[in-house]
Amino acid sequence: FESRKRKGNSLKILKGRQPKPFLVCLYGPPGIGKSTLASMSTKPIFINFENALHRINCDKTSLLTSTLSLKQALGDICNKHSEDYDTIVLDTVDALEDILTSEICRENNRESLGSFGYGQGFDLLNKKWIEVLEWFSVCNRTYNKQIILVGHDQIKRYEDPMGDGYDKFVLKMHAKSALSLVSKVDCLFYMTMDKVVRKTENNVRKAIGTGRRVIKTVEQPSFLAKNRYDLEDSIEVMSSFFKDLQKISEEN
C-alpha cells in the first residue's frame, strides 16, 4: 500500500491475550441437570423462555414470549441490574428458536418456514439468530457479563464421503442457525452420562453407563463440541464447573 497520511485515530495494536468473560453453550438430553449446573455460576439470572425452572433456586425473568421482551430484559439486566448479576443464562435456545420461527411466519403470513420455498424461511431464521446472538455478544464484551446458552440435543445423520455414515448428537436447532451459534461461542459443551465400552462373553462390544455425568469439550464422531480454553476432553460434572471456567477465562 502507498504510504499516506491517515485521518482520524491511528490503528491500535493489541498484544498478547485479551481476557474476557466466557460466552458458552451447554447442551444435552432433557433432565440431565444443565440448568441446575448453570444456576451454580456466579450471580446468575435466567432468561426464561421454557418455563421449566420451578424446582431450581435461582433468579429468573417471567416467561418471555417475544424477541422484543428478550431485548428489553437484556437491557434491564445490563443497566438497571448490572451490579446484581454477573451471568446471564438463556433457557433454552430451542424454545427461543420456536419463538423466532413463529414471529417470522406471522410477519410474512406463512404457515411454516418450509412454505417460503428455496430455503428462504430458514435464511430468515438464521438472520434473526445472528441479530439475537449479537445482543448476547454486546452483554458479554461491553457489559462484562458471562453468558450461558442452554439447549437440548438431537440426533442427526451424517454421511461421511470418506467412509460409512454415522449418527451424531448436535444442538436441537436448524442446521444453519446452529452453525451461527457455534461460531459465536467460546465453548460448546455436551453434557451426557459417562459410558465405557466392554466386551461381553460373546465378544460383543457393549456400552455400559458409569453413573457419572460428564461434560465433553472436544468434538468426536458421536457429538459436536468445542472449546477455546484448552480444556480436558472430558470433565466430570461438579458444582464448581462454571466458577472454575470463570477463573480460566479471566486468565486467558
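Analyst: A salt bridge is counted where a side-chain nitrogen of Lys or Arg lies within 4 Å of a carboxyl oxygen of Asp or Glu. By that criterion the structure holds 13 salt bridges. The model is a predicted one, in which local features need pLDDT of at least 70 and side-chain atom pairs count only at pLDDT 80 or more, while totals for chains, interfaces and linings use all residues. Residues are numbered from 1 along each chain as its sequence is written, and side-chain values use heavy atoms, with hydrogens and water left out.

Consider Arg212, which takes part in two of the pairs described here. With Asp194, the side chain of Arg212 forms a salt bridge of 2.5 Å, N to O. This pair links distant parts of the chain, since Asp194 belongs to strand 7 (residues 187-199) and Arg212 to strand 8 (residues 205-216), 18 residues apart. Helices (H or I, at least four residues) and strands (E, at least two) are DSSP runs numbered from the N terminus. Arg212 also meets Glu236 in a salt bridge, at 3.2 Å from N to O. Here too distant parts of the chain are linked: Arg212 lies in strand 8 and Glu236 in strand 10 (residues 234-236), 24 residues apart.

Asp194 is buried, at 12% relative accessibility. Arg212 is partly exposed at 34%, and Glu236 is partly exposed at 41%.

Another pair is Asp76 and Lys80, whose closest N and O atoms are 3.8 Å apart in a salt bridge. Asp76 counts as partly exposed, with 32% relative accessibility, whereas Lys80 is exposed, with a relative accessible area of 65%.

A network of salt bridges links Lys20, Asp186 and Arg228. Asp186 is placed in the loop between helix 5 (175-184) and strand 7. Its relative accessible area is 7%, so Asp186 is buried. The side chains of Asp186 and Lys20 are joined by a polar contact of 2.9 Å. A polar contact is a pair of N or O atoms within 3.5 Å; within protein, one must be able to donate a hydrogen and the other to accept it, and residues adjacent in sequence count only if both atoms are side-chain atoms.

Leaving aside neighbours within four places in sequence, Asp186 is in contact with Lys20, Pro21, Phe22, Leu23, Lys226, Asn227, Arg228 and Tyr229. Of these, Leu23 is 163 residues from Asp186 in sequence, yet the two are 5.5 Å apart in space, C-alpha to C-alpha.

Definitions and conventions
Buried < 20%, exposed > 50% of the residue type's maximum accessible area, 1.4 Å probe, protein only. Contact = heavy atoms within 4.5 Å.
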